[in-house]
Amino acid sequence: MLPDKLRKTIGIKVDVDTHKGMQKGVPSLMEMFQTFNIKASFFIPMGPDNTGRTVKRIWTCKGFLKKANRVGVLQTYGIRTLLYGILIKGPQIAKKGSDIIKRLIKEGHEVGIHGYDHVYWHDHIKYLDKDETEEILDKSITTYRQIVGMDPVSFAAPGWMINTHALNVFQKNGFLYSSDTRGEIPFYPIMDKKSFSIIQIPTTLPTLDEVIGIEGNDPVTLAGYFSGLLKDGLNILTVHAELEGNRWIAFIELFLKRAEEKGFKFLRLIDIAYALKDEKSLPFCEIYYGTIRGRAGEVSCHSPPVIF
C-alpha cells in the first residue's frame, strides 16, 4: 500500500548520459527546477563518455535507427559527442563535472550513480559475470566517494538494464534503493530466483524520446500528453539532460506548470525511498527483460507482485 504522503507525487529522475549533458544540460535543468522550487534526483556516469560507440546499435538493436531519426541525434548530441570513444577520447563525465556535482548537492538535489561507462553497461550488463559487474561498480563507487566525500546510496541503471550481480553489490554496500526498471509500483526485487532488500523505484511514465514523433512533435502537445498520464498515486518521470536540458527545455517547463496546476508535489527519489522504507509494506516482484513502446532494444521490467 502506498503511504498517504506519496499520493499525487512526482519524482523527477534526471539521467545524465554524456559530457555535454553534464556541462550544459544539468545547469539548465537546475535553473529550471529552482524556478519551481523543485528538488530532483540526478544520476551521473562515473566514467568516460563513449557515446560514439552506440553506432553499432544500428546493426545490433532493432528499431534503434528509427528512434534516432525521430529524436534527432545530431541536433541532440552534436557531432563531437558522437565521435567520443571512436575518434576522440571520451572525457570523464563525473570528474570533469565535479564542481557541478557539488553544486547539485549544495542546492539540495540528490546525486546517484548512473553506471561507469554508460554505453558499455547498457549494451553488455545482461551478459556480464559476477567479477566484471563488481569491477565496474567498485570503480563507480570509488569515484563517487572521491568526488562527493560520502558513500553512494542510490543507483539508476543505464538503459534500464540490470543483472543479479549488480543487485548483490547494492545490497552488500548498503544502498537504500535503485531505479533500474520500467513499471507501475515500487517493490523489492526478485531476480534469478533470489530476493533483495534494496527498494526498486521504477520509472512509471514514458520518456520524452519514446514519444517524440508518436504523440506529438512540439512542447505544448507533449506536455499535455504527459500531464494526462499522471496518476493520483506515485509517478516517476525520467528526463535526460541531453534532451530536456537542451532543446526540449520548453517541454519540461510546460509539464511542471501543468503538474503544479493539478496539485502534484515533487520529491527526490531518496525521499520517496525513505517514505517507502518506513511503510514496510512493499511487495516483491520479479525482474525480467522485455520491451516497451517507443524504445529500441530491451529494458528491465517487473512482474505483478509475487505471493510467497
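Modeller: A salt bridge here is a side-chain nitrogen of Lys or Arg within 4 Å of a carboxyl oxygen of Asp or Glu. The model is predicted, so local features need pLDDT of at least 70, side-chain atom pairs need 80 or more, and totals for chains, interfaces and linings use all residues. Numbering starts at 1 in each chain, and side-chain values use heavy atoms, without hydrogens or water.

By this rule there are 13 salt bridges. Take Asp151 and Arg145: their closest N and O atoms are 2.6 Å apart. Asp151 is partly exposed, at 49% relative accessible area (buried is under 20%, exposed over 50%, partly exposed in between; 1.4 Å probe, protein chains only). Arg145 is partly exposed too, at 38%.

Next come Glu134 and Lys130. Their side chains meet in a salt bridge, 3.0 Å from N to O. The two residues are 4 apart in helix 9, so about one helical turn separates them (helices, H or I, have at least four residues and strands, E, at least two, as DSSP runs numbered from the N terminus). Glu134 is buried, at 17%. Lys130 is partly exposed, at 44%.

Arg295 bridges to Asp209, with 2.8 Å between the closest N and O atoms. Arg295 is in the loop between strand 11 and strand 12, and Asp209 is in helix 11 (residues 208–211), so the pair ties together parts 86 residues apart in sequence. Arg295 is buried at 15% relative accessibility. Asp209 is buried as well, at 6%. Shared partners join Arg182, Asp209, Glu210 and Arg295 into one network of salt bridges.

Strand 11 (residues 284–290) and strand 12 run antiparallel, over 4 bridges; pairing takes at least two DSSP bridges. Gly290 has Val299 of strand 12 as its bridge partner. Strand 12 (residues 299–302) is covered on both faces: Val299 and Cys301 are buried on one side, Ser300 and His302 on the other.
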